[in-house]
Amino acid sequence: MKADALRGHLDPMILAVVEAEPLHGYAIMEALLARSGGELDLPTGTLYPALRRLERAGYLASEWSTVGGRKRRTYQLTGAGQKMLADGKKEWVTFRAVVEGVLRPGQT
């Protein structure tokens with residue numbers, strides 16, 4: 001999938017992945033890959049800046065933990081993140097309907 005196609009949609013997808021449970025960065029990357037049927041194979045240079053941006057904005061909170069002797073930063077959704085995710089889902093439904101309306105004329 002082209003990076004340009006993700007613009008504006010990556011943040012809600014990240015929030016959706018951590019909605020159910022806190023995850024560390026690599027697990028988020030793996031979840032995005034699995035949920036997308038292998039289409040979202042994001043480089044770390046895309047994911048980690050997005051995680052930091054979402055945390056600075058207050059949509060994610062993180063804490064350090066040690067798993068198997070390795071330190072990992074685990075991310076979880078905040079209340080503001082839950083609201084942003086709900087808004088992102090609504091925006092996606094509208095965006096999808098608009099694009100389908102344009103690409104499939106004559107269908108209602």
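**View 1. The buried residues of helix α2 (residues 10-18) in this predicted model.** Here you can find Leu10, Asp11, Pro12, Ile14, Leu15, Ala16, Val17 and Val18, which are buried (under 20% relative accessible area with a 1.4 Å probe, protein chains only; exposed is over 50% and partly exposed in between). With 8 of its 9 residues buried, α2 is largely enclosed by the rest of the structure. Helices (H or I, at least four residues) and strands (E, at least two) are DSSP runs, numbered from the N terminus. As the model is predicted, local features need pLDDT of at least 70 and side-chain atom pairs count only at pLDDT 80 or more, while totals for chains, interfaces and linings use all residues. Residues are numbered from 1 along each chain as its sequence is written, and side-chain values use heavy atoms, leaving out hydrogens and water.

**View 2. The salt bridge between Glu19 and Lys89.** The closest N and O atoms are 3.6 Å apart (a salt bridge is a side-chain nitrogen of Lys or Arg within 4 Å of a carboxyl oxygen of Asp or Glu). Glu19 sits in the loop between α2 and β1 (23-24) and Lys89 in helix α5 (residues 79-103), so the pair ties together parts 70 residues apart in sequence. Glu19 is partly exposed at 44% relative accessibility, and Lys89 is partly exposed at 42%.

**View 3. The salt bridge between Arg96 and Glu100.** Both residues belong to helix α5, 4 residues apart, about one turn of the helix. Arg96 is partly exposed at 45% relative accessibility, as is Glu100 at 34%.

Notes: Axes fitted to C-alpha atoms, helices over the stretch in contact; angles between N-to-C directions.
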